[in-house]
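Let's walk through this assembly together, going from the chain contacts to the shapes of the single chains. Have the coordinates open in your viewer as you read.

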Amino acid sequence: MKEKKKTSINKHSNSKSVIEKTAQRIFMLCAFFGVLAVASITVYMIISGAPALMKVGVGDVLFGHLWKPTGKDPSFGILYVILTSIIGTGLAILIGVPIGVLTAVFLAEVAPKKLASVVRPAIELLAGIPSVIYGLLGLLIINPWMYKIELKLFQGSETHQFTGGSNLIGAVIVLAIMILPTVISISESSIRAIPEYLKPSSLALGATRIQTIFRVMIPAAKSGIITAIVLGVGRAIGEAMAISLVSGSSVNAPLPFNSVRFLTTAIVSEMGYATDLHRQVLFTIGLILFAFIMIINLILSKLLKSGGADHE
Amino acid sequence: MNEFVLRKKKIRMSDIILTLTIYMSALTTVVLLLGIMGYVFAKGIFVITPTFLTTVTSSLHKTVGIAGNIVNTLYIIVLTLLMATPIGIGCAIYLSEYAKPGKLVSIIEFTTETLAGIPSIIFGLFGMVFFGNTLKMGYSLMTGALTLSIMILPIITRNTQEALKTVPTSYRSGAIGIGATKWYMIQTILLPSAMPGIVTGIILAIGRIVGESAALLFTAGSGFLLPASVEEFVGKVGESGGTLTIQLYLSMSKAQYDVAFGIAAVLLVIVLGINLLTKCISKRLDVNYTSKRRKG
Amino acid sequence: MLIIQVREERDRRMEHKKVASKIKLSAKDWNLYYGDNHALKNITMDIKERKVTALIGPSGCGKSTFLKSINRMTDLIPSVRVEGSLTLDGEDIYHKDVEETILRKKIGMVFQQPNPFPMSIYDNVAYGPRIHGIKNRVVLDEIVEKSLIKAAIFDEVKDRMKKSALSLSGGQQQRLCIARALAVEPEVILMDEPTSALDPISTLKIEELMDELRDQYSVVVVTHNMQQAARVSDDTAFFLLGELIEFGATEDVFSRPREKKTEDYITGRFG
């Protein structure tokens, strides 16, 4: 009788297990890559951005409103830049979110299925358009309009600095358009996700469809819509290329028809030729932007966690 | 009694106004899209000539060409994917098959989400400082590719995770039950099943890479010449190269608007193509999944 | 046990019978189709004013569909089609000029699963009146209180009107939904298996409620619980496979059914 070769079931004597262990280790490494990346980015942003803060002084940088980095007596006040980003993003949200949420309502509730299946891909397409193309169109379409309006509004004004059309409002319009796809798709999912019984219950009480949408459905989708807004904020505040030529080329107070600089456009416009301290301050601007983004991300993850708990 | 109580028509002003705003919003969105695409194509389609697509801008011949940029774009796409895809898939496999729920996993998932939310200009700054300065790679395609690969990691990881979720647990238990080792099971059963989803992720990443500009501006730079030989082609990795989007930006800044629109039109065609591809693959994914369920 | 209960109820109801009943809702050769599915077949019956009418029958027999067609909730299904006549106080419910919002104000509905809105208790009950144009806070307060009292839940919630309705128990939520329906001051109340998702004590409370509602409203109840139908209703309609098999006074249907199928169902031979 031949003896069958016994394959040990002992884990450690199997050659397969070496491969197994290696595979597992490699996968684990891959997973930590992301952690490594975020950690490195954080470290580098801080290392690059801190020196200028030390050299010029935190107060002077963050709260000074004179930005004259080149010249005999350089001044690095980025208050207006920070304000521009905050106000510009805020205005973009004010314009983009209502249009976005209403379009989401259209897709989820109002539109006949066939129409919705035409409009939805249109929105996905809008999401994929490279930001430079928005920049191009903004430059050639929105700026001329703005210039015309500017000429009319400030006719004969002695104090207004004519910008040739690039101003805060132009940038806000471009930003509002860019956040539309994000706001629409997330709002639509949230509206679709509300419990099914809400709509018939409202209709059975004699409410019209519109009343049902605005008094029951949208409030029920509140947490998802807020998530959409926060994501929109993240998108808007980080946008650089689309608005760099539309928003203007000098740092001013964020008034609608002023030529302004955002945190992002300041970096993009000046990094190419900035040297020494000027360059370092640009990195400080990057650090501030990074800080804003991290705060927004934290708010977002808190929202997502509590939003998930709500539906239980 | 001729009074029809149920038929009194109620005209609610607020209802009418709200309905109007809903339709107006949807119309705005559609008009925007059609407007953007229409305008770009109208202004750009005639710029696209064979010369435009296959040569490099030459002041000698007074021609404009974006061939160099096209090559740069392709180069960066391939380099980035080569680096990011294995790592992204590996991360997804770890999270989905190996990791036990706990603090570790939440940290990994949190950082993946964070990466997805960081704007491209921050990646650009990081790439410039870390790869460009610290690692002394300067302005080169490689610097750009390394930067972009970090940026698209979340896309690959997320899509692979979703794809792995759709693989029925019965496949896994079936394989392990026969005595297959985990890695073998992943190789032979999971990855093939999850392939459509992974491919979708890759295509979405390509879309992101093609449209990217801020992250490349200070990493890959703006060179636009075509390599003249195979050695030059390989060496290109270390040289600066501007992608289509970067070239668009530069042309825009120099007021060369027809070139800009030509590039824009090319980019739109690529974006459209990618969109269609993703749709086709998701349809096949659905078909595969539903047919598998029917057989099961 | 069934017969004893029926007799007791019958004696109580002799009182009500002394007044001749007007007809509130009338169905004549009423048909309903879901696409090709012929869900309701030539239903002809009259629902009397200020009476409780029970619709009984096995699952899928059409009783819920019939109920939902009364307040045109079936309109929400895309492929639905109707034939025949269904009238409220003599008025055609399905006429093309009919405003569903007015119809549904007159005909209220309570669903099987308690389904309060994710809002406060107050806002749930005030929702209906607000929809129909009442904005005055004082008036709303009064309506909310009245409705909660009628639904026999006021005492339990009067101290937490601003709390979320979702914090109530199942039985309380259902009574809240009844209060919500009552707040728009309907004339008819439709109830689709209102107690099937509730515990026995809540069920009892709601059955008592149905009895009290009879004074002011015409109630139509769908129920798969025959004992409940016998306890609560004045008239009973037995549905089977989309057809109305038998309709009559409850004690007649339960003790002297005319059709064999009715008798089979009541004695538990099927369903």
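## Contacts between the chains

Where chain B touches chain A, the contact takes 62 residues from chain B and 65 residues from chain A; two residues are in contact if their C-beta atoms, placed from the backbone, lie within 7 Å. On the side of chain B, helix H1 (residues 13–44) gives the largest share, with 15 residues. Helices here are DSSP runs of H or I with at least four residues, strands are E runs of at least two, and both are numbered from the N terminus. By class, that side of chain B divides into 42 nonpolar, 16 polar and four charged residues. Ala, Val, Leu, Ile, Met, Phe, Trp, Tyr, Cys and Pro count as nonpolar, Asp, Glu, Lys and Arg as charged, and the others, Gly among them, as polar.

A word on the model itself: it is predicted, local features need pLDDT of at least 70, side-chain atom pairs count only at pLDDT 80 or more, and totals for chains, interfaces and linings use all residues. Residues are numbered from 1 along each chain as its sequence is written, while chains are lettered from A and ligands numbered from 1 in the order in which they are written.

Chain A also meets chain C, with 13 residues of chain A in contact with 18 residues of chain C. On the chain A side, helix H7 (198–204) and helix H8 (209–220) each supply at least two residues. H7(A) provides the largest share of that side, five residues. The side of chain A that touches chain C has nine nonpolar, four polar and no charged residues.

## Chains A and B one by one

Chain B has twelve helices and two strands, and chain A likewise has twelve helices and two strands. From the N terminus on, the elements of chain B run α-α-β-β-α-α-α-α-α-α-α-α-α-α.

The table sets out some values for each chain.

Among contacts in chain B with a separation of 6 or more, 75% join residues 24 or more positions apart.

Chain B is divided into domain 1 (9–44) and domain 2 (50–295), with bounds from an automatic or database domain assignment. Five residues from domain 1 and five residues from domain 2 of chain B make up their contact. The C-alpha centres of the two domains lie 34 Å apart.

## A helix pair in chain C

How do H4 (residues 121–131) and H7 (residues 170–182) of chain C cross, and at what angle? Their axes come within 7 Å and cross at roughly 35°; axes are lines fitted to C-alpha atoms over the stretch in contact, and angles run from 0 to 180 degrees between N-to-C directions. Ile121(C), Asn124(C), Val125(C), Tyr127(C) and Gly128(C) in H4(C) meet Leu176(C), Ala179(C) and Arg180(C) in H7(C). The residues of this contact divide into five nonpolar, two polar and one charged.
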